[in-house]
Amino acid sequence: MRILPILTVAPLLLAAPLLLANADPAAIPPHVKAMLDAALASGNEAEVATIAKYARAAAPDTADAIVAVVDAWHAERLAKRQEKLRQAGVFDLWKGRAEIGGYFTTGNTENIGISGALDLQRETLRWRHKIRLAADYQESLGLVSREHYLAAYEPNFKFGNRGYVYGATQYESDRFLGYTDRYSASLGAGYSAIKRPGMTLDVELGPAYRHTNFTDATVESSIAARGSIDFDWKLSSAISLSQDASAYIQHFNSSITGTTALNAKLIGPLAAKLSYSVQYESMPPIGRVGTDTTSRASLVYSF
């Protein structure tokens, strides 16, 4: 009765040295190893995955060794990145982009003007900080016909690979849409519903508080519900699509904003951007239209 198990295990014991040899990087043919090393040296994960795929097909007997080399490369990169994040100072790791361009508007105003925006982001092992500053300004025959300002700050605390807790503060001013000052604060939960190379989707939901000074001298303070989505899709190495939207729902005036943008890389850090934005107010002051749209053509510098 014990002969069968012995006969079953014996081939595996005899094949063990061969399996270990197949996982030895030294067993990879020199020409395949040179191709794989060149891909690893590039630092491009997409290229490494492609080269590793064809290397395994070209040398199937050493597929385990090729996988081991690529896994070791990924582990080393991850360890270096985590160590860099741990040692980073307050002013390190900031990334951003500056945008300037022209636009034409429909709704309460129909003019041509200029706009500018600055987006900053810093990400560590546990924290992500996002800052946005934006301004639109237009004069027509010496009269201001468009004036919108925005300043926002959002810290995120990541408690998992996809989940995080967010805080959001924001200041807005747009007297042509019906308010001179609006302050918003929110605290809630976020989740990275899509998180893969070339595509990300973050969804957030939580309670909020808003204080608004309208142009008709009324003042409104209210509890609200805030929700937002942030979608980014890299269509190719040079073209990307993004969709950002947020909503504050409350008993009185609710607000919904959304921006769809297409980015095309030009030279180095420069890119061209076409975007379409919508801002909706459910109860604007008398004489104001509830929906404003803005189409922009901008030049973006990333750093």
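Which residue forms a salt bridge with Lys130, and how far apart are the closest N and O atoms?

1. In this predicted model, the partner of Lys130 is Glu154, and the closest N and O atoms of the salt bridge are 3.7 Å apart. The pair links distant parts of the chain, since Lys130 belongs to strand E3 (residues 127-140) while Glu154 belongs to strand E4, 24 residues apart. Glu154 counts as buried because its relative accessible area is 10%, and buried means under 20%.

2. A second salt bridge joins the side chains of Glu99 and Lys273, at 3.0 Å from N to O. Here too the pair links distant parts of the chain, with Glu99 in strand E1 (residues 94-106) and Lys273 in strand E11 (residues 270-281), 174 residues apart. Both Glu99 and Lys273 are buried.

3. Within helix H2 (residues 30-42), Asp37 and Lys33 are 4 residues apart, which means that about one helical turn separates them; their side chains meet in a salt bridge of 3.0 Å, N to O. Asp37 counts as partly exposed, at 33% relative accessibility, and Lys33 likewise counts as partly exposed, at 25%.

4. Turning to the whole structure, a search finds 16 salt bridges. Some residues are linked in a network of salt bridges, namely Asp136, Arg146, Asp174, Asp292 and Arg296.

Notes: Residues numbered from 1 in each chain as written. Predicted model: local features only at pLDDT ≥ 70, side-chain atom pairs only at ≥ 80, totals over all residues. Heavy atoms only, no water. Salt bridge = Lys/Arg side-chain N within 4 Å of Asp/Glu carboxyl O. Helix = DSSP H or I, 4+ residues; strand = E, 2+ residues; numbered from the N terminus. Buried < 20%, exposed > 50% of the residue type's maximum accessible area, 1.4 Å probe, protein only.
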